[in-house]
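Some notes on this model follow, as numbered points. Please read them with the coordinates open.

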Amino acid sequence: MNQLASPGMVTAIWIALILYMCTIVFFVVRGAMKTHSMNDFALGSMQFNPSFLGLSLAASMSSAATFIINPGFVAYYGVSGVLSMAVFLPIGTLVSLAILSKRFRKYGQTVNAKTIAQWMGIRYQSKGFALFFGFLSLLMMAFIVMICVGLTQVVSRSLNLEVLPTLIGVITFTFTYMMFGGANSMVYTNTVQAFLKIIVTVILLGSGYDYFAEGVYGFLNKLSAIDPQLASPFNASSPLFRDFFEVAICQLIVGTAVVCQPHILTRSLLLKNDKDMNRFLTVAIIALALFFLVVFVGLYARLLFPSLSLNGKSIPLDGVMSQFVVSRFPVYIAIVLVLGLISAGMATLEGLIQSLSTTFTSDIIKPLTGNSIIKNPNLAGGLVSELVMNRVVIVLMGVVATYISYNQLMAPDLSVGIFAQNGVYAYFCGAFVPVLFGIFTKDCPKIAAVGASVTAVIVHFSVYYGRLTPYMQNGTRNPGVASSIAIVCSLVIGLILYYAFRNKTNIQKA
């Protein structure tokens, strides 16, 4: 590949990366010493500071998409992307996070649920519904793929490495250490990553101060000189930000529902008592609000690379941010930024590995195989403990992630972000109404939750793959449109079924 970074920068980043890895391993070993059961892996056995948990959640929610992928969309399509991803999406997300986390914790504590699938099964008294959500969680592998691709882009461009060995190295390191530490190590590694990301966000946002020498209007004029649509609130030539519906309405709906992901809602269950909830949420929301702003740096990247090319070669959307860091900053700052971008991906990747492996083990394999594979301490039989089985699952997840990620690196549909959104959005579309009804109603019948969830998944994929509505006619489709329509349809069906059957169903009180 092209030698994008100077030899001096490569050496310095290697040294910093090794030190970073050693720090992570230190916390993993510390956490592994206290991880003796599947419950310890999923929820932790240590007392966590609520501020650290808040930073951990912020680090986990602001993923490689926020720091690596989304700025590329802004570089390509301009101010419309900033409004979409730094204004309207955060409004929906942060308000929803504050409301849903408190209510979810209340019921999660009561039923001792480790995963969203378990929460669904207990809340609606249905093992089948829990199993359905276990399988639905497979869609979250798309998120893991996106993060692996983003990390590979950053590391390979910073160290002048080929993408395949870089991808294998990233996945091997991360998946291996997550096999042992679980929640006990994740909270501390996420906190380290959050502090790095705060530093990186401040540096990146401040790096374009010279572009504002003539004020905000001067800045917008520079963008207009490249392409007038870059300075417009809507960009008709983009596949994602064409009008008010895509930029604002879809993102508000998606932002509200995006909180219903396993690595987000279940984080509140790590708090040891309810009185820490407000501090936990305050820290998380402030940090997240800052992290969401980092997409603005995509505008700086477009001013640095007006034609989105370097040395005659086009810069891919997913590689814009890493190229900007390597080209724009001196070595000593680039080191910090590269580590911060890596932290952005690692923090979410850790949370996804921890939550999804727990779901696959506890909510799919265990219910389907009984005690024929996983040992039950109260029954005879079984081959391995649940914790060992979970580690096997993590290995298999790593193999699948490597295969799909490499395909996305070689032939993406504009961006791996589109691939990830399609899977992740389908998941939280299916989860949103059952979680909403489950925590705000006391008598929600199972049929309302199941009907709403199934409707959401069917509508999402029908709109996306069936190319329904005028928004889906171009080559690259917007998963946000499909998910917004799916969520609205799901809510309507859920309400109809709720009022039709609520007096006919005796359900456990919330």
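1. The model is predicted. The largest cavity contains about 510 Å³ of space.

2. Lining of the largest cavity. There are 33 lining residues. Nearest the centre of this cavity lie Ala65, Asn70, Leu89, Gln421 and Tyr425. Several elements give two or more residues to the lining: helix 4, helix 5 (79-111), helix 8 (141-159), helix 12 (244-257), helix 13 (262-265), helix 14 and helix 19 (416-440).

3. By residue class, the lining of the largest cavity has 20 nonpolar, 12 polar and one charged.

4. Overall make-up. The protein has 21 helices and two strands. Of its 510 residues, 59% are buried. Among contacts with a separation of 6 or more, 84% join residues 24 or more positions apart.

5. Aromatic pairs. The structure has 21 of them. Take Phe67 and Phe291: the ring centres are 5.6 Å apart and the planes stand at 65 degrees, so this pair is edge-to-face. Phe67 sits in helix 4 (residues 64-77) and Phe291 in helix 14 (residues 277-292), so the pair ties together parts 224 residues apart in sequence.

6. Burial of that pair. Are Phe67 and Phe291 buried or exposed? Phe67 has 0% relative accessibility, so Phe67 counts as buried. Phe291 also has 0% relative accessibility and therefore counts as buried. The cut-off for buried is under 20%.

7. A second pair. Tyr76 and Tyr77 have ring centres 6.0 Å apart, with planes at 65 degrees, so this pair is edge-to-face. Tyr77 counts as buried because its relative accessibility is 10%.

8. Charges over rings. Phe291 returns here: Lys197 lies over the face of its ring, 5.3 Å from the ring centre. Arg328 lies over the face of Phe329, at 5.7 Å from that ring centre.

9. What to look at. Helix 4 and helix 14, which hold the two Phe residues, both give two or more residues to the lining of the largest cavity.

Technical notes. Residues are numbered from 1 along each chain as its sequence is written. This is a predicted model: local features need pLDDT of at least 70, side-chain atom pairs count only at pLDDT 80 or more; totals for chains, interfaces and linings use all residues. Side-chain values use heavy atoms; hydrogens and water are left out. Rings of Phe, Tyr and Trp (its six-membered ring) pair if their centres lie within 6.5 Å; planes under 30 degrees apart count as stacked, over 60 as edge-to-face and the rest as tilted. Helices (H or I, at least four residues) and strands (E, at least two) are DSSP runs, numbered from the N terminus. Buried means under 20% relative accessible area, exposed over 50%, partly exposed in between (1.4 Å probe, protein chains only). A charge sits over a ring if NZ of Lys or CZ of Arg is within 6 Å of the ring centre and within 35 degrees of the ring normal. On a 1 Å grid over the protein atoms alone, a cavity is a set of points where a 1.4 Å probe fits but cannot get out, and a pocket is an open set with protein on both sides within 12 Å along at least five of seven lines; lining residues have an atom within 4 Å of a point. Grid points are joined across faces, edges and corners, and a volume is the space filled by probe spheres set on the points. Ala, Val, Leu, Ile, Met, Phe, Trp, Tyr, Cys and Pro count as nonpolar, Asp, Glu, Lys and Arg as charged, and the others, Gly among them, as polar. Contact means heavy atoms within 4.5 Å.
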